[in-house]
Amino acid sequence: MQQSAGETSQNTKELAIFQVGEMPCGLDTAWVQEIIKNTQITKVHLAPDYVRGVINLRGEIATVIDLRKKFSLEPFEDDGKTKIVVVRHSSENIGILVDQVRDVVWADGKNITPPPSNINGVTGIFFEGIFKMERELVAILNIEELLKTD
Amino acid sequence: MPLIDDDETLLAFVEESKEHLDGIEADLLAIEEAGADIDTDIVNKVFRAVHSLKGGAGFLGLDKVKELAHAAENLMNLIRNGELVPTPSIVSTLLDATDLLGNMISNAATSNDVDISTHIAALQKAVAANLNEDEKPTLENTLTLGSPDKPDIFHLSEFELNATMKGGNNLFILEYDLIADIEQQGKTPLEVIRELQQTGQLVDSKVDIASVGDLTTDIEAMRIPFFALFATIMEADLLTGFLGLAASKIHAVNVGEQTASAAEPVHEPSTTTNAPTKQEPEPQRQGEALPTATMPPPETFHSEEPQGQLADHDNAAKQATPKAAPPLGRKDSLQIKAETNLRVSVKILDNLMTLAGELVLTRNQLIQAVASRNQQGVDTVSQRLDLVTSELQESIMSTRMQPIGNIFNKFKRVVRDLSKDLGKEINLIIEGEEVELDKTIIEAIGDPLTHLVRNSVDHGIEIPDVRLSTNKPATGLLRLSAFHEGGQVIIEIEDDGAGINTDKLKAKVLEMGLYDRVHLESMSPKELNKLIFTPGLSTAKEVTDVSGRGVGMDVVHTNLSKLGGVIDIESTLGLGTTVSIKLPLTLAIIPSLIVTCQMERFAVPQVNLVELVRVPAAQIKERIEKIGDALVIRLRGELLPLVHLREALDIKTPIYVDPATREIKDERRANISDPRAGEKNRTPSSRDELKEEQEQFVEKRMREDRRVNPLSAYNILVLASGDFHYGLIVDQLLDSEEIVVKPLGSHLRNCKCYAGATIQGDGKVALILDVVGISAKMKLNMVADKVKAQKLQTKEEKTGLEDSQSLLIVRNTPDEQMAIPLGLVSRIERIKTANIKVTAGRRNIKYRGGSLALFGVDEVAGVGTRDPGAETCYVVVFPMAGREVGIMVSQIVDILDAKLKIDDVTHKQPGILGSMLIFDEITLLVDLYGVVAGVMPEWALIKSQADTGDDNKFNILIVEDSKFFMNQIQNFVGEAGYNTFTAEDGVEALKILNEEQIHLVLTDIEMPNMDGLELTRNIRHDSRWSSLPVIAVTSVAGEAAEQSGRQAGVDEYLIKLDREQIIEKILFYLKNKQR
């Protein structure tokens, strides 16, 4: 159901909007388990560079992916607004580190267009589409691609 | 026919059937083995199992399963009645059928699509082959049975009917209504089936969905008829009472004299049911007598009819309940669910319940204590909580424990099939099936074990001709055993086959260029055998042919290592191979040591931990060396590869904790007190550079031998990684903890240095280090090899053997130093003196669930007294007289290897063996047994020879060059009631052996003229003494030393001064005189 998000983009869907660097990103809330504060992240040496570390998510270990690293953006100091968006993907919980969580909006399918080949220098394969909000454009994340393991 | 839309029933059935089938395999093999000598119990068991399967399957609409089970049952029935001898081919047919049944049941949802015709045909052929000519047609006659209002319910062959009726059974058709008779009575259908099977034989059963009606049917009148064809010795009237079924629902099927037999409802005379008769085997007459009997050609009997049924019921189902056919996805999930169920004994559940109750109570107490700020209360409750949690943990773990027999028994079949294919005769012996292991481990070792067993059968054990030509019995022996040892489980796979041909293996390894010749020559046979685990070697096909073993052995090795298992292999060419696997009991909760590196916490599993070594800054120079560009540490004469955890984890920006202020600073500061300063102006960009720095660091240390802050000492964990040990440098050692292992996410799968993660008491995550992974990443095995090569060179250079002893240096008072032989010590614990209790004048402390008796050296010997005001003290724990006792000291100074020049005159007294000079200080050698014996003389009583009841004293020869040890050993051996003879070296010993009647030899290893190994070899080569027990006593314990000792022919390898062990072993070997 979630995998077929691309097909159903004709219809309305609920997007969680958050900020990664200068870029507003959206994620279909169907993926989102919860959004938590940036808790103590344990660094994992030797891990791929986009893995920020692991956290204790109520007794389970969740990997935290740093979106800035994934998008090759400058690292960012936690200013207290940093949040971890927890998604459920292939039966494990994965945290996505974002600068700030802004809003949850309903997106009409007709306002969603396919992604360009790159957005602000970030390759387009990480995105499913672009959602036109009133004043800005939101890049809808392609979770499958983002969480692909090498 | 659709599945009955009842998940629970199906699940219960699937699970129960799997259990049945698991047992069947082993039982069938046992039946085969027994041959004509039929064990009725086992046959009955299999019969019942197949039978229950059939009953359940029929009820659930798994028609093909039912049919197959039915055919198998017919065959079993013949065996049961002794009409058929279970030959291997018959058993094979049955095994094939049960295999298929297992598959079908695992995939219950699609079982009706499986083609079973070949299996059925095979089973029928086996049945037919055994019948008399006149009985054969009965196989092909299909009879139809039914109740008055539904004459066409069951179809079965006359043969089956005849079989059923044997033994004076009455046949009934029972008509249940699933709704009124079962559901509303609070029963489940499976219960009813079981009930029936207890009282008789359920021949067939069927749910009549066609008569359910459709949605328009009045719900009150709705009924789901369930027919059972039931054979029992009970009479009809008894049955009504017994089954709780109305008499009108029980129809007796009369089979007997009356040709026009009928099934009549009990007490109701008007019936029209048709039944066949035994006396009329001819098809034609059958047809006449039984108007509704059908006679399909035999080959279509099993295929056509069920298909028709299938279609029928499909339609019916659609009519009755539109949702009757569950969507495919649901079926799949159903299956997964079925596999993850676990059976737990009610006893354990009850125990868990009690503990849960206790936990709740404790929580309440805790809340109360916290609310009232009652500190003492909190302390008490926390103790209680500790206790309850441990017990709860233990109980829950026990639910996960499963007997290893679950796996072992599968090998009966594997070995049988494989040996048959290969034309070998193999006797499989299984021992220790009851040993329990965690479920996850049981599941994970299946494949590696299969591999090893296959290897033994395939390459180990020879074909009978070859065996006979080498004077071995034609039947090979394969022993699978499991037992507990030291908190671990050991699994052994032993065969008496050809063994590993190490010469060929060596040649292959040379050819592949994996090792050079010099290296290979230096390898012990054990190491050579382990070559088969070398990756790369195994994939080469030729090696399999040449060496006998190897395919995928490296995979076996890796898989077992992942489980925390250690694999060992012993093999003698021509005599056989033994592979032993050491496994932890569980993986979910493991004891581990928490360490820090760069202020981050890591957990190291205790299984891998051999010892902890702290190298003070002042000693780094002597202890840490370099071979090539790799660091090694010298530990009791052995060199171990050494690696810094920081390097292993590629931490590129090291931080540095200031020893004085404990401030965390960047490591690359230009501070004078940091020995690494000065060269740190460039950024290390690669590991090589870091390594280089490390070397420079060590070199620098070597140059500047100055006092450095104690915090700059090296904390080294000595870890076991496969077949070698290595040292891991960490910053700090924190505590040992039981940790719960959690898996890491998929993005971290490629980090081989971690075995998982755990959550600490403070909620933070700590990573668990993978000891094997780290050594693989840092290629430490190469270093270990180099170390070995170097050792080989230096061995010759070393002249004059030293008799050195590992000693634990302790103090009671600052100015008096004492030493304890380390080999005798089990553990060292630090305790709070406040926890010491005095009971009946004896000091003791609560320890690991029991109490540990405590003694002070000062209680016996005239040494300084421990400061009684000190908050903590150390307890040196050692075993004595079958229990553990502790000796208290105030300070642990060091552990070192010292050459012993013991003065056993000046300071000798009870509790003190003598004295020596260590660090230019007079050090008293503590007699642990003497101390305890001084206080508790009765504990020290040595089992004397008296209990052998032999008047002739045994003569024991003690060979020892050190006068001190000679005196010690001679004393306690004499005390135990043996005659002692003494010799100072091997040459002298041989002389005495020639002259005297010696029953046992106790020998030191390192001696002038002729050492203990040489002596042992001499003894073994002489036929007069080939069975003379030889016990080596040594101060240098170690696997390598022990290995060479055993190779020389030593029976036992013991530590000097461990007199309990020595006495015990002497007694053991004298009692079992022959080796």
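I took two strands to pair if DSSP finds at least two bridges between them. With that settled, I turned to a pair in chain B of this predicted model.

**Entry 1: a strand pair in chain B.** I looked up strand S32 (residues 842–847) and strand S33 (residues 850–856) of chain B, and found them joined by five bridges in the antiparallel sense. Within this pair, I noted that B:Asn844 faces B:Ala853 of S33(B).

**Entry 2: the sheet around that pair.** I then asked in what order the strands of the sheet in chain B lie. I read the order S30-S34-S35-S33-S32-S31, an open sheet of six strands with mixed pairing. At the edges I found strand S30 (827–832) and strand S31 (837–839) of chain B, each of which pairs on one side only.

**Entry 3: a sheet in chain A.** In chain A I traced an open sheet of six strands, also with mixed pairing, in the order S8-S1-S2-S13-S12-S9. Its edge strands are S8 (100–107) and S9 (112–113) of chain A, and each has pairing on one side only. I followed S8(A) to its partner, strand S1 (residues 13–20) of chain A; the two run antiparallel and share seven bridges. One residue I checked here was A:Phe18, whose bridge partner in S8(A) is A:Val101.

**Entry 4: confidence in chain A.** I noted an average pLDDT of 85 for chain A, with 93% of the residues scoring at least 70. Over residues 1–9 of chain A, however, pLDDT stays under 50. For that stretch I found nine contacts beyond four places in sequence in the model.

**Entry 5: two helices in chain B.** I looked up helix H32 (residues 986–995) and helix H33 (residues 1012–1021) of chain B, whose axes come within 9 Å and cross at roughly 30°. The crossing of H32(B) and H33(B) is right-handed. Which residues meet between H32(B) and H33(B)? I listed B:Gly986, B:Ala989 and B:Leu990 from H32(B), against B:Gly1012, B:Glu1014, B:Leu1015 and B:Asn1018 from H33(B). By type, I sorted this contact into three nonpolar residues, three polar and one charged.

**Entry 6: where the chains meet.** Last, I examined how chain B touches chain A, and found 19 residues of chain B in contact with 21 residues of chain A. On the chain B side, the elements giving two or more residues are strand S26 (754–759) and strand S27 (765–769). I classed the residues of that side as ten nonpolar, four polar and five charged.

Methods. Residues numbered from 1 in each chain as written. Chains lettered and ligands numbered in written order. Predicted model: local features only at pLDDT ≥ 70, side-chain atom pairs only at ≥ 80, totals over all residues. Contact = placed C-beta atoms within 7 Å. Helix = DSSP H or I, 4+ residues; strand = E, 2+ residues; numbered from the N terminus. Nonpolar A, V, L, I, M, F, W, Y, C, P; charged D, E, K, R; others polar. Axes fitted to C-alpha atoms, helices over the stretch in contact; angles between N-to-C directions. Left-handed = near helix turned anticlockwise from the far one by under 90°. pLDDT = per-residue confidence, 0-100.
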